[in-house]
Amino acid sequence: MTYRDWWREDRLPHIFCPGCGNGTIINCTLEAVDSMGWEKDDTVFISGIGCSSRASGYISTDSLHTTHGRAIPFATGVKLTNRDLNVVVFTGDGDMAAIGGNHLIHGCRRNIDITVICMNNYIYGMTGGQGSPTTPAGALTTTTPYGASEPVFNICDLAVAAGANYVARWTSYHVKELREAIKTGLETPGFSLIETLVQCPTNFGRRNKLRNVQDMIDYLRKNAMLVRKYRELTENHRPIPEGTFAVGEFVRRSKPAMGVKE
Amino acid sequence: MKTEFLLGNIACAEGALAAGCGFFGGYPITPSTEVAEHMARALPKRGGTFIQMEDEIASMASVIGASWAGARAMTATSGPGFSLMMENIGYAVMTETPCVIVNIQRGGPSTGQPTLAAQGDMLQCRFGSHGDYSIVAISPSSVQEMFDLTVRAFNISDMLRIPVFLMADESIGHMRESITIPEDVERTERKGLKEGYRPFEPEDDMVPGFSVFGSGDAVPVTGLTHNDNGYPDATNYSTHDRLVRRLYNKVESRRHELADYDVRNPEAETVFISYGAPSRTVMQVLHDHPGGDIGHLNIRTVWPFSEKMLEEFPDAKTFLVPEMNLGQISREIQRHTDIDVVPVSKLGGELHTPGELVKAMGAVI
């Protein structure tokens, strides 16, 4: 019941829709933060704009709910001014991979010592279900009424290439693995990115035959393949079933980082 | 106290250092770059942080983050970068984050004249971000003022919890003059969050106390319309009305006390009103035409505009306003007076010549 210690109870009720996966991710994050022994006074949550970014305001610490896509540069300013603060960023696929894409790349390149939790629900939920840079091919959204046709960003591969020290992906189904991955991210000096695939039954599922929350979580579970196996198949030019995505640890390394506590 | 021969942009950086600036986040852009370069050399030696961000959007974001983490924080830019900063300037206004933005103005619109002076961003600094708000903008007309007014910018910013703009231009930024650097500068500290007050609950002066991150007050900061707790309350009519009026009034109601200006020849009927680089040309005209027939109002605090400044010239028949734009501040002056206000606009990057001002004077007399 860790979340009770960190939740800003007088903000309830929250704005997340019934069946939304964001609460699961926030809970896993708070459990990981709590297991680090971090105090509320030395931990700051920073976020951009969108459903995922509402998370920071529900936690009873100092928090910055910033402008769309800009959470990482705000976090950079906080961390470089006071390295003793533990800085965690909440963001989403639209916030981080579209409007904030450049800031993500440079956060990874600088290897600034923050942990970024990206809740990827494949869609712009807050504005009512528009396509994002991670909307899968063929998926229906209000701005892809004939099916999404653009290639998607692979957020984890991008972060690895740009230089982050720790990159992992899990889903709202894999709560135990996710909690461990977030903890590893918090422990790793430098930039950590944990991408979490979450169900959005209201705006994604409803239009894509995944209206039922259980169906969407099943979809995430069934299509997840461990990154080791995924890479093995790719390297051997073996077929990978359509819709399959890699989960697990993409990179863990100790390149020089910026803003690390002395 | 020491005397130094400095570039305007470096005097600005020295002023920031004297004021205790501990964080600079910026992006290179002509003609402001020397401010960043000087801070890059000086800040690390003093335990401060210099960071070159990926763009001006990120620069402004990092400055606001640094301010919440407790630093006096600033950035410096010019037109195109200034446009990019508008998004997070609005955030600084809404979240009442102290910070200083230096704009070494160049010719616009767009890429315009990167290496030449202009005053084309005087309305953008006041109105450039969306929504209703007010800010403080101050304009230096000498290298000494690049130092002094940068210090003042930090003090006003911390006092009112607002972004403050140092609106210089290329000619002042790239001018070298002798200046006096004092041993110590006056420093107004941010007031802390008082016992029993909520994080965004204004005191009688309309300004809430500031709780630096890590103080244990669990301050939720958001750009959404929020109540005194800092909690989003974006669909409540009265919360928004009360918040936005306070953000506006905490600046506008102080317009007379923030006013900073010089008056020369107050009995004159023909009066020049200027700020920034054109003030130097006006001073030359007054020097060349002794006798007290020509008045001069030299304004340093341009925004908020104190209309009482105009009352310093009770006999004035004409206000001539030389600006390196198409009349941005002359329009503001006109709305406060029945006296004729004549814009003397000059574009192209060259300063007004004394002859041009004398000619403009001749045309109205």
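Two residues are in contact here if their C-beta atoms, placed from the backbone, lie within 7 Å. Keep that in mind as you look around this predicted model.

## Two domains in chain B

Let's start with chain B, which splits into domain 1 (2–181) and domain 2 (261–364). Their C-alpha centres sit 26 Å apart. Across the boundary, 24 residues of domain 1 of chain B are in contact with 18 residues of domain 2 of chain B.

Which parts of domain 1 do the touching? On that side, at least two residues each come from strand E6 (113–117), helix H5 (122–127), strand E7 (136–138), strand E8 (163–169) and helix H7 (170–173) of chain B. Sorted by class, the residues on this side of domain 1 of chain B are 14 nonpolar, 8 polar and 2 charged.

## Where the chains meet

Now for the contact between the chains: chain B puts in 34 residues and chain A puts in 28. On the chain B side, the elements supplying at least two residues each are strand E2 (21–26), strand E3 (49–52), helix H3 (56–68), helix H4 (79–95) and strand E10 (220–222). Of these, H3(B) gives the largest share, 9 residues. The side of chain B that touches chain A is made up of 21 nonpolar, 10 polar and 3 charged residues.

There's strand pairing between the chains too. Strand E2 of chain A (residues 62–65) runs parallel to E10(B), and the two pair over 3 bridges. Here you'll find A:Ser63 opposite B:Pro220.

In soluble globular proteins, nonpolar side chains tend to be buried together. In this model, the largest nonpolar core has 176 residues, and A:Val78, A:Val89 and B:Ile135 have the most contacts inside it. Helix H6 (residues 143–160) of chain B brings the largest share, 10 residues.

Take a look at B:Ile135 and its surroundings. Leaving out residues up to four places away in sequence, B:Ile135 touches several others, including B:Val93, B:Cys125, B:Phe165, B:Val251 and B:Trp303.

## Chain A as a whole

Chain A has 9 helices and 10 strands. Along its principal axes, the C-alpha trace of chain A spans about 50 × 45 × 30 Å. A compact globule of 262 residues would have a radius of gyration near 18 Å, so the 17 Å of chain A agrees with that.

How much of chain A is buried? Buried residues account for 53% of its 262 residues. As for contacts in chain A with a separation of 6 or more, 66% join residues 24 or more positions apart.

Terms used:
Residues are numbered from 1 along each chain as its sequence is written. Chains are lettered from A and ligands numbered from 1 in the order in which they are written. This is a predicted model: local features need pLDDT of at least 70, side-chain atom pairs count only at pLDDT 80 or more; totals for chains, interfaces and linings use all residues. A nonpolar core is a set of buried Ala, Val, Leu, Ile, Met, Phe, Trp, Tyr and Cys residues joined through C-beta atoms within 7 Å. A residue is buried if 20 or more other C-beta atoms lie within 10 Å of its own, exposed if 12 or fewer, and partly exposed in between; C-beta atoms are placed from the backbone. Helices (H or I, at least four residues) and strands (E, at least two) are DSSP runs, numbered from the N terminus. Domain bounds come from an automatic or database domain assignment. Ala, Val, Leu, Ile, Met, Phe, Trp, Tyr, Cys and Pro count as nonpolar, Asp, Glu, Lys and Arg as charged, and the others, Gly among them, as polar. Two strands pair if DSSP finds at least two bridges between them. The radius of gyration is taken over C-alpha atoms; the globule rule is 2.2 Å times the number of residues to the power 0.38.
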